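Here is a set of exercises to work through with the structure open beside you. Try each task yourself before you read the solution.

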Amino acid sequence: MRWPFRRTALERTIWTVIVWFLFGLFVLGPLATVFAFSFTSSVLSGTGTFTLKWYGQLFSQPGLYGPLIRSFEIAVIVVVFQLLFGTLIAYSTVREKVLGAKTLDTLSNITIAVPSVVVGLALLSFYGPFGPFAAITQFLFGNPLSLTWTLWILVFAHMIETFPYMVRSMAAVLVKLDTHLESAARSLGANRLHVFLTITLPQLKPGLVAGSVLVLSRSIAEFGATIIVVSAVLKTAPIAIFTQAEAGSLELASAYSVVLMLVSFVAYLLMSRWLLRGETIA
Amino acid sequence: MRNKVLSIAALVLAAGLALSLTDLYKVQQGTLVVYTTPALRDLLESLVVPRFHAATGTDVTLVYVSAGEEYNRLRMSGGHPEADLFLHASPLYLEKGFAAGYFLPFQIGRNASVPPNFVSRSVAGGHLWYAFAWSPLAQVYDPQLGATPDLASLDTTFGFPHPLLSNNGIYAVLFFENVSAAAGARALAHTVVQPANARANILGVADGAFDVTLGYEGVTLFYLKQGARVAFDLPVLGGQRFLVPVIFSAGIVKGHPNPMAMDFIDFLYRDEIQSNISRFYFRAVLPGFSDPPGGIPLPEPGTVVLNYDWSQWRTLESTLPKYVVGG
């Protein structure tokens, strides 16, 4: 694409200053402040000094580091489930294996538009003791089943919130897939499963990796639906950040945030570099 | 090569899934969940929970939101509660919850040692609640006001704690309703903020948001120790001083998932806990233990003692809404 302006040194300088100023004001500045607060002894007093005590507390008290562990455990579960479920949906829609494939493809994006807190409320309503799920299980098994405050309602919330990211990543790869290779393998006598495992799946790798990284990051950061459905013992890191900030401990909330950002960033780098050596994310 | 990488990734993810599910299941099953109040934060986090964990190996998660919110959270649970225990500053929600079928009757090991005003009425199976600590309701005020202002002729700003969210608000309402509804109306007319819990209430006086409130002696002493500039005394109305025991009571949730719930309640009555309660500015319910340093000397001659019949919770509760500002 052609640069729309003459690249004089002055224009370039002005653009650089404006763009970096805006980026700093809206993105880097707030994140850098969180970083700085996490190393400050007391933000509210206005006379804070450099300290590592918030990190010390964070990594020495189970009640504080527990939510970080919970976040990653839940994210791993969600990634695995999404690899199965998201791939299935993407494969079914792109290859038009199901009736209403195009509608399903469109609907798979719907949770991007729905506020996450609404997703949480919807899950609580549906799977709660007064919702349809309890009524159905009561009818079928004679005992109403409720998922309120369980691990599963939390996993479902994260799956709904991350679903479009996996489906879109997989769909992007699937549409570009060379189906002639599969046809050739089938014509040589390979069964469907063998073709999928040895021909299709390896070609899906960029989509699997991109989807997994996006799902992992999104799940770790999920807040809106989580705060509605999460139980006290399964509190995740974003909820802990909210709790600490609400209790006035900005320093501890900042330390949590820095750890969360760093670990997410490292996970992103590792997964993308390790699995996508020499390839680009779809 | 490609298949090898995918196989390794699949194995790593499968291992991660198994480990995550195992750990989360263990956390969910093994943790005792206690719904409680911020007023008890230090007592629970610095004394009770660490010692209980050391004695039993049981992890305890404390959930601090207002009593009203916690009650609603319990209602939302249906027959599958998240919480095992309620530890609160008023038995109102325990009485109300028992009537609605959310709490179980129980009997502690040291039942005979607990004074009668610190135990609920008897029901089949034991009692609805037991108090494990108490603190006098205190009139907390800006020291610049001089002597304790008489609530009958209050002419300065008041912080009426929210009666539907906070147990502190419940005690304030019951005090005025039992002594002088007119004084209650006067206090409400002078209210500028309605704090949602006992700590926010005392902080309101400390930071100058209002001049007078009714709070707990224990929470006031906690903030005095931290340098807050507040004064306190027993509530004074019409020249009379009143002693209202704020009773921190325990209730056990029906269908509670953790089998250690009863052990935790019994643990609260051990000598090692009761003897140390005053270190956290509250008073032990079992006799023979010292009062908190700096606390109001009790018993005090000429003071009127107000104990409420919590079994009449419907009547008590019906008076609460009119003490919501703008409500």
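Predicted model: local features only at pLDDT ≥ 70, side-chain atom pairs only at ≥ 80, totals over all residues.

**Exercise 1. The interface of the chains**

Task: Work out how many residues of chain B are in contact with chain A, and which salt bridge joins the chains.

Solution: 
- Begin with the contacts: 28 residues of chain B touch 35 residues of chain A.
- Now look for charged pairs. The rule finds one salt bridge across the interface of chain B and chain A.
- Its partners are B:Asp23 and A:Arg70, with the closest N and O atoms 3.1 Å apart.

**Exercise 2. The domains of chain B**

Task: Find the domains into which chain B is divided, and say which three residues supply 30% of the area that domain 1 of chain B buries against domain 2 of chain B.

Solution: 
- The division gives domain 1 (6-134 + 247-284) and domain 2 (135-245 + 300-323).
- Place their C-alpha centres next: in chain B, those of domain 1 and domain 2 are 27 Å apart.
- Contacts link 25 residues of domain 1 of chain B with 27 residues of domain 2 of chain B.
- Between these domains of chain B, about 2,300 Å² is buried, with 63% from carbon and sulfur atoms.
- The three residues are B:Leu92, B:Trp134 and B:Tyr281, which supply more of the area domain 1 of chain B buries against domain 2 of chain B than any other three residues.
- Finally, count the salt bridges between domain 1 and domain 2 of chain B: three.

**Exercise 3. Helix H2 of chain B**

Task: Locate the kink in helix H2 of chain B, and list what covers the buried residues of this helix.

Solution: 
- Follow H2 of chain B through residues 41-56. The kink, about 35 degrees, is at B:Val48, shortly before the proline B:Pro50.
- B:Val48 is itself among the buried residues of H2(B), together with B:Leu43, B:Leu44, B:Leu47, B:Val49 and B:Phe52.
- The cover over these residues includes strands S1 (31-36), S2 (59-64), S3 (85-88) and S7 (130-141), along with helices H9 (261-268) and H10 (271-274), of chain B.
- Just past the helix, B:Gly57 has a positive phi of about 80 degrees.
- For a charged pair, look at B:Asp42: its side chain meets that of B:Arg199 in a salt bridge (2.4 Å, N to O).

**Exercise 4. Helix H8 of chain B**

Task: Decide whether helix H8 of chain B is mostly covered or mostly open.

Solution: 
- Count along residues 217-225: seven of the nine residues of H8 in chain B are buried, and the helix is mostly covered.
- Those residues are B:Glu217, B:Gly218, B:Val219, B:Thr220, B:Leu221, B:Phe222 and B:Tyr223.
- Their packing partners in chain B are H2, S7, helix H7 (198-206), strand S10 (212-216), strand S11 (231-233) and S15.
- Just after H8(B) comes B:Gly227, with a positive phi of about 100 degrees.

**Exercise 5. The largest nonpolar core**

Task: Name the residues that touch the most other members of the largest nonpolar core, and explain why the core lies between domain 1 and domain 2 of chain B.

Solution: 
- The core has 165 residues, and those touching the most other members are B:Phe132, B:Phe175, B:Phe176, B:Tyr216, B:Phe248, B:Tyr269 and B:Trp310.
- The element that gives the most to this core is helix H8 (residues 151-174) of chain A, with twelve residues.
- Both domain 1 and domain 2 of chain B give residues to this core, so it lies between them.

**Exercise 6. Backbone details**

Task: Look at A:Trp149, B:Tyr281 and the peptide bond from B:Leu298 to B:Pro299; what does the backbone do at each?

Solution: 
- A:Trp149 has a positive phi of about 65 degrees although it is not a glycine. This residue sits in the loop between helix H7 (132-141) and H8 of chain A, and A:Trp149 is buried at a relative accessible area of 5%.
- B:Tyr281, not a glycine either, has a positive phi of about 75 degrees. B:Tyr281 is in the loop between H10 and S15 of chain B; its relative accessibility is 13%, and B:Tyr281 counts as buried.
- The bond from B:Leu298 to B:Pro299 is cis, with omega near 0 degrees. B:Pro299 belongs to the loop between strand S15 (283-284) and strand S16 (304-305) of chain B.

Methods:
Residues numbered from 1 in each chain as written. Chains lettered and ligands numbered in written order. Heavy atoms only, no water. Bend = angle between axes of the 7 residues up to and from the residue. Helix = DSSP H or I, 4+ residues; strand = E, 2+ residues; numbered from the N terminus. Buried < 20%, exposed > 50% of the residue type's maximum accessible area, 1.4 Å probe, protein only. Contact = heavy atoms within 4.5 Å. Core = buried A, V, L, I, M, F, W, Y, C linked by side-chain atoms within 4.5 Å. Domains from an automatic or database assignment. Salt bridge = Lys/Arg side-chain N within 4 Å of Asp/Glu carboxyl O. Buried area = accessible area lost by both parts, 1.4 Å probe.
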